[in-house]
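Hi everyone, thanks for coming. Let me put the model up, and then I'll walk you through a few parts of it.

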Amino acid sequence: MVSNIDETRASAIVVVPREFASVPGRWAGWARQLPVLPLAILGPFILIALFADLIAPYDPTEPIPGAKIFEPPFWMEGGSTHAFLGTDFQSRDLLSRLIFGARVSLIVGVAGTLVAGSIGTALGIVAGYLGGWVDQVIMRVTDAWLALPALVFAIFLATMLGPSMWNIVIILGAVYWTRYARVIRGEVLSLREREFVKLAEIAGASRARVILRHILPNVLNSTMVLASLTIGVVIIAEASLSFLGVGVPPPEPAWGSMLADGRSMLMVGDWWLTIFPGLGILLVVLATQLLGDWLRVRLDPQLRNM
Amino acid sequence: MGKFMIRRTLYALVTLFILSLTIFTVVRLTGDPVTLLAEPGARAEDLDRVRTDWGLDRPWPVQYLAFAKNVFTGELGKSFNYQMPVSTLYFQRLPNSLELALAATLISFFIGIPAGIISAVRVNSGWDSFGKVVALLGLSIPGFWLGLVMILTFSVWLHWLPTSGQGDWRHLIMPAVALGWYFAASLLRLTRSSMLEVLRSEYVKLARLKGLPSYVVLAMHAFKNALIPVLTLAGVNLVVMVNAAVIIEVIFAWPGIGRLLYEGIFQRDFPLVQGVVMEAGIMIVVINLIVDILYAYIDPRIRLTK
């Protein structure tokens, strides 16, 4: 029955026939209703991540020469303007680490979502379109992998594979593809009964052609909506793994491992080491959620009234 | 009903088989689990001895059968570090994790259900918007960061609550809020949509037409029925929280299952990690099976479809 709860959310994601999606004049509406708030939050983070090398005042992995450890931000007593937000336990610049941390979070978030979405969509289409034992095998694996709590599964894989940023991307892709597979399969089951698919088959199109030209374009909307839901989850999962020490390895600056580093100084009240990386995660995830809501309404007219 | 139960039980067994195969393969996929077990730089003959001790020199199918037998007898293998069956360790920690998960569920009920009801009854009002903001923050604020911020606020600055450990209710409150936080948001969304659906139903309309006061309609007719999916989600989530509260238990030094897993990672105790992950999978497959059967018992339509 858990599955059914999942599916009630999933079933709300309905295929939008292409003819509706491309009504002339809709682009004007798109431009008018740009998601201002999410872009206003996410935009700066993307820019910071892209140009981290130019913006960051220091090397995030090296101590600032002559600086003390655990310097507070510049407006507090004992702080100075050469390290705006203070320094960490190795007298590295917190601001520079936050800036490069944005890059880690966004790369892992986007790449992990891409991996999960590609695997899940591909398997969902294959299972739904081919049916039979292929479908059975894929769906039983999906069920089994869904049975493990995502984070526990990710921790397990990370422990066994060893930490590196690209391993984390693969691991999170391997953990989160299952929800795509379920939803996409369900859609393909109804798509393959539709006339345009039947006609393509009668016209002698190969399976690969039917999948690539007729099925795939019609499930991409749902993949995108699911991706917008997953990206925040993936970012938090990366932060969690890094916090536990099985994620992005030091000295690479990831927001999760920065939180773990700051934990020792929490008891003496050095709040900046905990607050700033957490705010980074919060804002990025919040913006992706808002963007996801906007996307859902855009891509799915059925949900617009909800 | 009998047929349905047998089919569902078989599905659950297949799921568990795939799960055990996945876990078994992952552990061996990454090379030699002995290198995970032994200290770095151990001598070759020591490695060989560990290999023989743990039966890792046998062919894979034989090893899998031994692993499956361990799962089947409920022992789940022996922890390298504790020299005890993993299941013994797991069930020692279970009451602690259950205590925390129950408290977290309670807290999420206090936040999620009233807010969900108000959002549904006063749909599209200020209350509804407030509910949306709460739900959005629930998904965007990582629970473990919330935990750190609470420690900072209530333990370090205000000295109201102890920072960590297990004891009376004051030890319980912060980890329970941090753990229940995410769930409160999903509970809110589900309560809202479930209430909205019930409020549109014919029997609620009839109850209103009979002239019953609106609080009677809401409490007796609507809420009682809207509660079914909510309680299901709560039950399944309880089991997930028992097994997946890794970070929260680490932050608050809570001696539960999550911390057992964490210890396993850092003591390179791969039989422990493997066993705890498998046990978590078993618990979740079993609770899903129970929920499925209960639902089929309540609603005969479910028995007949698929």
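Let me begin with a definition: a residue is buried if 20 or more other C-beta atoms lie within 10 Å of its own, exposed if 12 or fewer, and partly exposed in between, with C-beta atoms placed from the backbone. Now the ground rules. This is a predicted model, where local features need pLDDT of at least 70 and side-chain atom pairs count only at pLDDT 80 or more, while totals for chains, interfaces and linings use all residues. Residues are numbered from 1 along each chain as its sequence is written, and chains are lettered from A and ligands numbered from 1 in the order in which they are written.

So, is B:Tyr215 buried or exposed? B:Tyr215 is exposed, because 8 other C-beta atoms lie within 10 Å. You'll find B:Tyr215 in helix 10 of chain B; helices here are DSSP runs (H or I, at least four residues; strands are E, at least two), numbered from the N terminus. From B:Tyr215 to B:Tyr297, 82 residues along the chain, the C-alpha atoms are separated by 30 Å.

Staying with helix 10 of chain B, residues 214-244, let's look at its packing with helix 5 of chain B, residues 86-121: the angle is about 145° and the axes are 10 Å apart. Axes are lines fitted to C-alpha atoms, for helices over the stretch in contact, and angles run from 0 to 180 degrees between N-to-C directions. The crossing of these two helices is right-handed; by definition, a crossing is left-handed if the near helix is turned anticlockwise from the far one by less than a right angle, and right-handed if clockwise. Residues in contact (C-beta atoms, placed from the backbone, within 7 Å) include B:Ala101 and B:Ile113 from helix 5 of chain B, and B:Phe223 and B:Leu238 from helix 10 of chain B. By class, this contact has 13 nonpolar, two polar and no charged residues. Here Ala, Val, Leu, Ile, Met, Phe, Trp, Tyr, Cys and Pro count as nonpolar, Asp, Glu, Lys and Arg as charged, and the others, Gly among them, as polar.

Over to chain A. Helix 8 of chain A packs with helix 9 of chain A, residues 165-191, at about 140°, their axes 9 Å apart. That crossing is right-handed too, and among the residues making the contact are A:Phe153 and A:Leu157 of helix 8 and A:Ile171 and A:Tyr176 of helix 9.

How do the chains meet? In total, 38 residues of chain A contact 45 residues of chain B. Helix 8 of chain A gives the largest share of chain A's side, eight residues. That side divides into 28 nonpolar, seven polar and three charged residues.

Some backbone details next. The peptide bond from A:Pro250 to A:Pro251 is cis, with omega near 5°, and A:Pro251 sits in the loop between helix 11 and helix 12 of chain A. B:Gln83, not a glycine, has a positive phi near 55° and is exposed, with 7 other C-beta atoms within 10 Å.

Finally, confidence. pLDDT is the predictor's confidence in each residue, from 0 to 100. Chain A averages 82, and 87% of the residues score at least 70. Over residues 1-25 of chain A, pLDDT stays under 50.

Terms used: Contact = placed C-beta atoms within 7 Å.
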